[in-house]
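Here are my notes on the model you sent over.

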Amino acid sequence: MAGSPVAKTPHFALHRAALSSAHEGRALFPVADAWLGVLLPKRWAKRAVTRNAIRRQIYELAREKATSLPQAALVVRLRSEFSRQQFVSATSDALKRAVRAELVQLLERVAPRGAVEVPGRATVASGDSRAV
């Protein structure tokens, strides 16, 4: 996150680091794939239920778009709060739709040009043994 974000929306920023970056002679991650981290400060989402709802939206969308994400270390960072006057409930459907819409924009900005979804590629959710 030392560098500037590679993509921004009104509420989110996306940071990217190349996997080839070696630190102390070791690769950053053991497998070349898309690695995703989430940073949701209490400053911008005070209620834990809101942070968890946003986090679930990020991971679910990343799982859906796994084949189109670049092979890099990605960090999605919440950079401003969602209005509590507009989204009264911490887990309202309206908030989830707004979060998802911004995340779609954010992830589309970093998808490699010409990326095609690979049919039949199965992903496994953490703690779940069945293929999605």
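1. Which side chain does E60 meet in a salt bridge? Keep in mind that this is a predicted model. The partner is R63, with an N to O distance of 2.9 Å. Both residues sit in helix α1, and because they are three residues apart there, about one helical turn separates them. As for how open the pair is, E60 is partly exposed, with a relative accessible area of 29%, and R63 also counts as partly exposed, at 28%.

2. The structure holds two salt bridges, so let's turn to R100 and E64, whose side chains meet at 2.7 Å, N to O. R100 lies in helix α2 and E64 in helix α1, so this pair ties together parts that are 36 residues apart in sequence. R100 is partly exposed, with a relative accessible area of 24%. E64 falls in the partly exposed class too, at 42%.

3. Now the sheet. Four strands make it up, in the order β1-β2-β6-β5; it is open, and the pairing is mixed. At the edges you'll find β1 (7-8) and β5, each of which pairs on one side only. As a quick reminder, strands of a sheet pair through backbone hydrogen bonds, and they can do so either parallel or antiparallel.

4. Next along is the pairing of β2 (residues 12-18) with β6, which is antiparallel and runs over seven bridges. One of the pairs to look for here is F12 with its bridge partner L78 in β6.

5. How much of β6 is covered? Most of that strand: five of the seven residues in β6 (residues 72-78) are buried. On the β5 side, five bridges join β6 to strand β5 (residues 35-39), and these two strands run parallel. G37 stands opposite V75 in β6, which gives you a handy landmark for this pairing.

6. What is the handedness of the β-α-β unit made by β5, helix α1 and β6? It is left-handed, with α1 covering residues 48-64. I'd look at this unit on screen yourself. Helix α1 lies across β2, β5 and β6, and it runs at about 165° to β5.

7. Last, a residue from the loop between β5 and α1: K42. Is K42 buried or exposed? K42 is exposed, with a relative accessible area of 58%. Its C-alpha atom is separated by 9.7 Å from that of L78, a residue 36 positions away along the chain.

Methods
Residues numbered from 1 in each chain as written. Predicted model: local features only at pLDDT ≥ 70, side-chain atom pairs only at ≥ 80, totals over all residues. Heavy atoms only, no water. Buried < 20%, exposed > 50% of the residue type's maximum accessible area, 1.4 Å probe, protein only. Pairing = 2+ DSSP bridges. Right-handed = clockwise from strand over helix to strand, strands pointing away. Contact = heavy atoms within 4.5 Å. Axes fitted to C-alpha atoms, helices over the stretch in contact; angles between N-to-C directions. Salt bridge = Lys/Arg side-chain N within 4 Å of Asp/Glu carboxyl O.
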